[in-house]
Each structure stands twice: as structure tokens, then as C-alpha cells.
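Hello,

Here is the structure you were going to look at. My notes on what was found follow below it.

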Amino acid sequence: MASEATTVDVDGPHGTRSMRVSSPSRLVWPEAGITKLQLVEYFVAVADAFLAANGDRPVSLQRFGGDVTGESYFSKNPPKGAPDWIRTVDVTYPSGRVHPQLVFDEPAAIVWAAQMNTVVFHAWPSRAENPDNPDQLRIDLDPQPGTALAEATTAAFGMREVLAEAGLTAFVKTSGNRGLHLYAPIRPDWEFLDVRHAVIAAARELERRRPDAVTTAWWKELRGERIFLDYNQAARDRTIAGAYSPRPLPAATVSTPVSWEELEAGVDPSSFTVRTVPDRLAAIGDPWADMHGRAGGIETLLAWWERDVANGEGELPFPPDYPKMPGEPPRVQPSRARKPD
């Protein structure tokens with residue numbers, strides 16, 4: 001018996017491409033009742049905003065062998081059989097290895113990735129033509145046990161104020177789960193380590209102002225009931241779910257850009273789903289539409305970093321998959337650290 005399949009015609013800059021979708025009725029989100037074809041239709045509907053946020057960037061794909069209740073894996077190198085019209089770019093990983101990653105330039109490329117069982121798209125904060133120099137400063141506001149969206153919202157407004165004092169314009173989106181993601185467009189004049197230091201400087205500044213509410217502590221045992229300002233999302237090859245990317249959660253939520261006015265009035269991240277976000281975009285447009293016309297510099301944040309280093313606040317731990325970095329403190333959980341004799 002022939003396998004179930006259909007085709008979807010997808011318009012783009014190079015004309016219309018007929019994209020094959022196998023197993024279109026397969027449930028990707030069983031609890032929400034959303035099929036693979038509905039996921040493809042979602043991507044077609046939001047393609048312009050999705051590409052504005054994630055296009056022209058190296059992208060890692062989070063793919064699922066079955067539905068979102070099962071295991072996933074990351075595709076960083078282009079999968080076998082990728083169409084020759086999908087672009088790639090060589091990127092350098094923290095290990096020093098160089099490999100190609102996919103770059104999305106048109107809606108049909110997103111549909112192809114969905115056909116390859118991609119649910120989450122993780123775009124780099126740098127452009128394909130200059131992958132070593134980010135054009136976005138990103139901060140993940142990660143609620144810890146005992147905190148939730150309300151606390152993350154308070155932290156987001158505090159971070160917005162800090163970044164504004166440093167000359168940067170902050171944009172915000174839901175994570176698709178419990179937290180929020182802040183992005184600030186920057187000129188691509190600095191490499192990843194500088195941008196990470198700028199993020200640390202901003203996070204430390206907010207932590208000094210609100211030590212009861214936020215923390216830069218890498219080790220979970222030190223965070224308490226505070227919002228973790230995840231500075232390591234600014235490290236090379238560390239990414240977060242892109243804007244308008246679905247999440248592998250039961251309700252098929254989407255990481256959705258919101259305006260600061262919406263956030264202040266109160267948003268319900270669970271209401272932004274594969275089913276609802278296309279209508280939202282059609283009704284109100286993309287809150288991030290003018291993001292890349294607002295690029296600033298990180299000179300002030302780097303001056304804060306140097307000030308903090310001079311005051312004894314130096315490097316913070318890197319992700320565990322990184323090689324040991326200059327000036328990095330010991331990578332050992334404090335409760336397990338050897339006590340001095």
C-alpha cells in the first residue's frame with residue numbers, strides 16, 4: 001500500500017515550490033490534536049515573520065522521531081537529502097571544529113525542515129555572512145522553582161531599563177513555556193566573548209539593583225526563588241528557540257514576540273499556539289517588525305564589565321561542553337568543592 005503523502009505549494013522569492021509532506025495526518029502534538037500537515041500550514045502562515053527573525057542565520061534543528069512526547073535530537077549539520085537550493089554556511093564551534101549549518105531564506109525551506117520532523121528552530125544570534133559577530137544580544141529570563149511569569153515580567157522590565165541606560169533597545173518574547181527572552185539588536189562589531197561579557201555586565205547590574213528577585217548564579221543550588229539571568233545563552237553555539245518557533249509542549253505553544261505594552265497588561269503564554277499565532281499575526285502584525293533598524297553598541301556594557309573586573313568580579317562559568325576558558329572559575333558545584341584545610 002502506498003504511504004500517505006500530500007504536497008503543499010509554497011510561494012517564495014524563486015517562485016512556487018511544490019513541497020512533499022509525508023504522513024500529513026500523523027499527530028505531532030497528540031494532546032492538542034495537531035498534525036504534521038497543520039504544522040506545515042502554520043509555518044506557511046507565519047513565514048514572513050519567522051524568516052525576519054530567524055532567516056539569514058545559521059540554524060540548528062530540533063527534530064523528533066515521533067511526536068513531541070518522545071525523544072528529540074539536534075541536527076546541526078545539513079541532513080542528507082537537503083535540497084540544493086537551501087543555503088549552508090560554515091560556522092566554528094567552541095571546540096574549534098568547523099562545520100556547515102543550514103540557513104533559511106524562503107518559506108519552502110521551513111516546510112522542508114518540518115517535513116524532516118523539525119519542531120523547534122534554534123537560530124544563531126549572528127548573520128550567515130558574519131557568523132563570528134553577533135548582531136543580537138540575548139538574555140534568557142529563566143524562572144526557578146517558586147517563581148513564574150509574573151516574576152520574569154518584573155525582571156524583564158528591570159533589564160529593559162538597564163539596557164536602555166546602556167544605549168540599547170530591548171525586545172521581548174515568550175519562551176513558549178514559563179520564561180521570557182530579551183533581545184537587543186546590536187551592530188556586528190564584536191565577537192561572541194565580548195557580547196557574552198556585555199550580557200554578564202547587564203545581568204550583574206540588574207542583580208545589584210534587585211538581589212532579591214534575580215540572580216546570575218550558574219549553580220542551581222545558589223539561585224533560590226529568583227529569576228536566573230542566563231548569560232550563557234550569549235556564548236558561541238548556544239541558542240534558544242527562535243521567535244515564532246513552536247515548542248514541544250502539550251499545548252503546542254509558540255515562542256511569541258509581544259510588545260512591552262502587552263507584557264505590562266499581562267500575557268498568557270499558553271494562549272500563543274500553533275493554532276492561534278497566525279491569526280494574531282494577521283490581526284496585529286509583528287511586534288518585532290522594526291527590530292533590526294534599532295541596532296546599538298555595547299561599548300557602555302563593556303565599560304561596566306571592565307569596571308566589575310577591576311572590582312574583583314571576573315569571569316563566570318561557561319557551559320559544560322566548552323573547553324576550559326581563560327579566567328574561568330572552577331567548574332565544580334559549590335557544595336562539592338574541596339574545602340580548604
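The lining of the largest pocket is made up of 7 nonpolar, 7 polar and 4 charged residues. The model is predicted, and the pocket in it has a volume of about 310 Å³. Of the 18 residues that line this pocket, Asp140, Ser175, Asn177, His181 and Arg247 are the closest to its centre. Strand β10, residues 136–143, contributes the most to the lining, with 4 residues.

On the two domains themselves: the C-alpha centres of domain 1 and domain 2 are 28 Å apart. In the interface, 11 residues of domain 1 are in contact with 5 residues of domain 2. The size of an interface is often expressed as the accessible area lost when the parts come together. Here domain 1 and domain 2 bury about 760 Å² between them, and 49% of that is on carbon and sulfur atoms. Pro94, Trp124 and Pro125 account for 59% of the area that domain 1 buries against domain 2, more than any other three residues.

As for charged pairs, 1 salt bridge is found across the interface of domain 1 and domain 2. Asp237 forms a salt bridge with Lys76, and their closest N and O atoms are 2.7 Å apart.

Regards

Definitions and conventions. Residues numbered from 1 in each chain as written. Predicted model: local features only at pLDDT ≥ 70, side-chain atom pairs only at ≥ 80, totals over all residues. Heavy atoms only, no water. 1 Å grid on protein atoms, 1.4 Å probe; cavity = no way out; pocket = protein on both sides within 12 Å on 5 of 7 lines; lining within 4 Å. Points joined across faces, edges and corners; volume = space filled by probe spheres on them. Helix = DSSP H or I, 4+ residues; strand = E, 2+ residues; numbered from the N terminus. Nonpolar A, V, L, I, M, F, W, Y, C, P; charged D, E, K, R; others polar. Domains from an automatic or database assignment. Contact = heavy atoms within 4.5 Å. Buried area = accessible area lost by both parts, 1.4 Å probe. Salt bridge = Lys/Arg side-chain N within 4 Å of Asp/Glu carboxyl O.
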